[in-house]
Amino acid sequence: MKERLLGKISRIEATHPICVLMDEHERIEQKLAELRLLVLETDLSGASADTMERLKEVARLLLGAESHHRREEQVLFPRVQGRDELLGALKREHEELATLKRTLVGLVGGDCSASVAVTLSGLRQIAAVLVNTLREHIRKEEEMVYPAAVETLSLRAWRQVANEFEASGYCYFTARSAFLGCVRCMLNCPTRTLLLGDG
Ligand SMILES: [Fe+2]
């Protein structure tokens, strides 16, 4: 699915907003995999200082993804036609995910106003729900929303999306710029011949 989608993007333009979103998804998914492993490293006696530090970094990145969700909601989703029910469900998931992420930050002692008692069982529970919900959320966006947008939006519309993305701002972990994000995509993607070959 991802390869097919990227193949279509190459026919529109190389520096594409969907490329940026998918690159951010990749960073988020890497941190979810890390979160899953880190939680397994905790045991009933607690978590090591190193594990807690790494958990804080994971929580910080996940919370830092709010700008990604905001760009989707405010810029991309309103341009996707005929998917109102799905888009409504995804927006509700953004809210649920934000709550889960703030809870995670509170649990691992990061900078967050939420005051949550640290319990390892709570941490494990939140991490499991967050990992599953966010992975499934990303799957729905990449398999249903992004292809629908790529199918229907004009080049002019994508340029507006790119401008509005710039105005909205990126996550602190987004590749150095939207352009560099896409370059990385082109260099690493197995379909780079499609990306580079279609002119
Ligand atoms: Fe997303």
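**Figure 1. Buried residues of helix α5.** In α5, the buried residues are Leu87, Lys101, Thr103, Leu104, Val105, Gly106, Leu107 and Val108. A residue is buried if 20 or more other C-beta atoms lie within 10 Å of its own, exposed if 12 or fewer, and partly exposed in between, with C-beta atoms placed from the backbone. Helices (H or I, at least four residues) and strands (E, at least two) are DSSP runs, numbered from the N terminus. This is a predicted model, in which local features need pLDDT of at least 70, side-chain atom pairs count only at pLDDT 80 or more, and totals for chains, interfaces and linings use all residues. Residues are numbered from 1 along each chain as its sequence is written. The buried residues of α5 pack against α3 and α6. The 25 residues of α5 should span 36 Å at 1.5 Å a residue, and its end C-alpha atoms are 36 Å apart, which agrees; the expected span is 1.5 Å times one less than the number of residues. After α5 comes Gly109, with a positive phi near 80 degrees.

**Figure 2. The whole protein chain.** The protein chain has nine helices and zero strands. Buried residues are 30% of its 199 residues. Of the contacts with a separation of 6 or more, 77% join residues 24 or more positions apart; two residues are in contact if their C-beta atoms, placed from the backbone, lie within 7 Å.

**Figure 3. The largest nonpolar core.** This core has 20 residues, of which Val58, Ala59, Leu62, Leu104, Val108, Ile126 and Ala127 touch the most other members. Helices α2 (17–41), α3 (49–63), α5 (84–108) and α6 each supply at least two residues of this core. A nonpolar core is a set of buried Ala, Val, Leu, Ile, Met, Phe, Trp, Tyr and Cys residues joined through C-beta atoms within 7 Å. Not counting residues up to four places away in sequence, Val108 touches Met52, Leu55, Lys56 and Ala59. Another core, of 15 residues, lies apart from the largest one and includes Leu21, Leu76, Ala149 and Phe165.

**Figure 4. Helix α6 and its kink.** Helix α6 (residues 120–152) has 33 residues, which should span 48 Å at 1.5 Å a residue; its end C-alpha atoms are 46 Å apart, which agrees. A kink of about 35 degrees is centred on Glu141; the bend at a residue is the angle between axes fitted to the seven residues ending there and the seven starting there. Glu141 is one of the buried residues of α6, which also include Leu123, Leu134 and Tyr146.

**Figure 5. Val131 and Leu35.** Val131 is in helix α6, and Leu35 is in helix α2. Val131 counts as partly exposed because it has 19 C-beta neighbours inside 10 Å, whereas Leu35, with 25, counts as buried. Leaving aside neighbours within four places in sequence, Val131 is in contact with Leu32, Leu35 and Arg36, and Leu35 is in contact with Val58, Ala127 and Val131. Leu35 and Leu130 are 95 residues apart along the chain, and their C-alpha atoms are separated by 9.6 Å.

**Figure 6. Confidence along the chain.** The mean pLDDT of the protein chain is 81, and 74% of its residues reach 70 or more; pLDDT is the predictor's confidence in each residue, from 0 to 100. Confidence is highest in helix α4 (residues 66–76), at a mean of 96, and lowest in helix α9 (residues 192–197), at 32. Over residues 183–199 the pLDDT is below 50, and this stretch has 23 contacts in the model beyond near neighbours in sequence.
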